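Please look through the sequence and the structure shown below before reading on.

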2 protein chains.
Amino acid sequence: MSDAALPKASSPAAGRPRPFPIAATIATSDSGGGAGIQADLKTFAAHGVYGVSVLVACTAQNTVGVRAIEPLAVSFVRAQVEALADDLVPRAVKTGMLLTAEHTETVAECLRRFDFGPLVVDPVMIAKSGDRLLAEDAVTTLRGALLPLALVVTPNWPEAAVLAGQPVRDEREAEAAGRRILRFGPRFVVVKGGHSPGPPTDLVVHASGVVRVPGARIASSATHGTGCTFSAAIVARLARGDDPIEAIAAAKLYVSRAIAAAPGLGRGHGPLQHFPPDWEVWRPTPGAPGGPG
Amino acid sequence: MSDAALPKASSPAAGRPRPFPIAATIATSDSGGGAGIQADLKTFAAHGVYGVSVLVACTAQNTVGVRAIEPLAVSFVRAQVEALADDLVPRAVKTGMLLTAEHTETVAECLRRFDFGPLVVDPVMIAKSGDRLLAEDAVTTLRGALLPLALVVTPNWPEAAVLAGQPVRDEREAEAAGRRILRFGPRFVVVKGGHSPGPPTDLVVHASGVVRVPGARIASSATHGTGCTFSAAIVARLARGDDPIEAIAAAKLYVSRAIAAAPGLGRGHGPLQHFPPDWEVWRPTPGAPGGPG
């Protein structure tokens, strides 16, 4: 049976009221609460959307490093996705750390089968602590199976270099890598500028050009989970109905505020403050754009 | 080596500033986001405390039922606790669904070894959907190993009956069961009144009496994760330095508001709205009670 013949789980029934926006994360648990599904759920909550999650693995982790990783069975990953598809269909979805090629392929297969709305792929490869989080052969699967389904992919410079298969040492090379990654299928490649020696400008590379999203470098060791938080904030905004480039720019600003307000926890790369001062939790208004019907 | 000889991980160093409050949940993942660590983390976030989590198992679940459960290895449960003890020590902690006697014993052993602050035990036994969530022999372990460590335990009527080993069919029997459970070691037994045919009054049974916390019955099917949310709200308030009875009363009010504002998701027992309208996220103020030093 071809994918096209499969019913799409979230085809909107004409005239039915829009439900409360749901955002999903398919990723890994961080016991330390700063990254993974924990950061994603905190970010979704801060943006006023209802968060659901599909775990592919669990880590024993803190701000210093990853101490243990427990992969979950791919049949169980599938069961979690099916439980959502039957009852709590997301309006937008992200993937984070997917660990192995088999898990990555399973997630891609699930996302071909069910329509969970626009997909943001955070191509997590290495933790801030330096621990490797994605098997080498999984990169090929991520590129070949997941990127064709993505609306947005959010590599930093090292990840862009791996995905594109070419070096990224300056902004010109970052843009070139972004263009190359675009060919694998996503509509927007956000090459994050955090590793740039200059200002951390993000490049949003798309079919008709490049949008530069400037940012100010914040001197902080609170950078645990910034990538997770950024991609989750994009997903939350997409679930609310935002335009992708607006969602990306707003997500970058949110991460800056969350870093600036970091609670100063842990001895390593500390977590963010997902509810920074003066941050207003968005409230869905029935009938309004993004809100329930 | 006796437990008493082990260093307590969070012994406050005199004169050192108090860190930002951290609350921990030791429980199970609910992919549907309405119960388990997901509800706990949302509740912690709504109360402005930093949430961390220790997973003992994962479920594939939605508002209709539990489709699959994956227990995690107890060595991995221990690794997650140790990662927190070394770097992100909680000021208060709760336990939720612990699945088996072996997991329950492991969690009790970890909580004897490390001082994670006051412990709230939510003696989860059966999901709202009717699915059994705690093995029968685990009840004995919960009673004998975990309750002696608890400040607060939060059974509903059926759970109080199982823990006390005597029937609970009315408020008088609920109070008697509460008194019996008190003998196993907790300082406060909150026998929740949700199963009462009358008003859902919670009974806070303690050594010197009973405090009645009244509540209004809300006609709603959005009751998935109410027990998790209630115990998590108590923990969040304890982490901020609240008095236990104040924390319990405030948690009950929070749950009522979260039920009343439920987003109407799912076909079964729907989830709560953890950020109800006009709810203000608490902001820790440096130097103020509960805030960082």
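A salt bridge is a side-chain nitrogen of Lys or Arg within 4 Å of a carboxyl oxygen of Asp or Glu. This is a predicted model, and in it the side chains of A:Arg67 and B:Asp86 meet in such a salt bridge, at 2.3 Å from N to O.

**Salt bridges**

- A:Arg67 lies in strand S3 (residues 66-71) of chain A, while B:Asp86 lies in the loop between helix H2 (74-85) and strand S4 (92-95) of chain B, so the pair joins two chains.
- Side chains of opposite charge can pair when their charged atoms come close.
- Between chain A and chain B the count is four salt bridges, and over all chains the count comes to 24 salt bridges.

**The contact between the chains**

- Chain A brings 55 residues to the contact and chain B brings 56 residues.
- About 4,100 Å² of area is buried between chain A and chain B, and carbon and sulfur atoms give 61% of this area.

**Two helices of chain B**

- Helix H7 (residues 226-239) of chain B packs against helix H8 (residues 244-260) of chain B at an angle of about 135°, and their axes are 8 Å apart.
- H7(B) and H8(B) are therefore oblique to each other, and their crossing is right-handed.
- In H7(B) the residues that meet H8(B) include B:Phe230, B:Ile234 and B:Leu238, and among their partners in H8(B) are B:Ile248, B:Tyr254 and B:Val255.
- The residues of this contact of H7(B) with H8(B) divide into twelve nonpolar, two polar and two charged.

Key: Residues numbered from 1 in each chain as written. Chains lettered and ligands numbered in written order. Predicted model: local features only at pLDDT ≥ 70, side-chain atom pairs only at ≥ 80, totals over all residues. Heavy atoms only, no water. Axes fitted to C-alpha atoms, helices over the stretch in contact; angles between N-to-C directions. Helix = DSSP H or I, 4+ residues; strand = E, 2+ residues; numbered from the N terminus. Parallel < 35°, antiparallel > 145°, perpendicular 65-115°, else oblique. Left-handed = near helix turned anticlockwise from the far one by under 90°. Contact = heavy atoms within 4.5 Å. Nonpolar A, V, L, I, M, F, W, Y, C, P; charged D, E, K, R; others polar. Buried area = accessible area lost by both parts, 1.4 Å probe.
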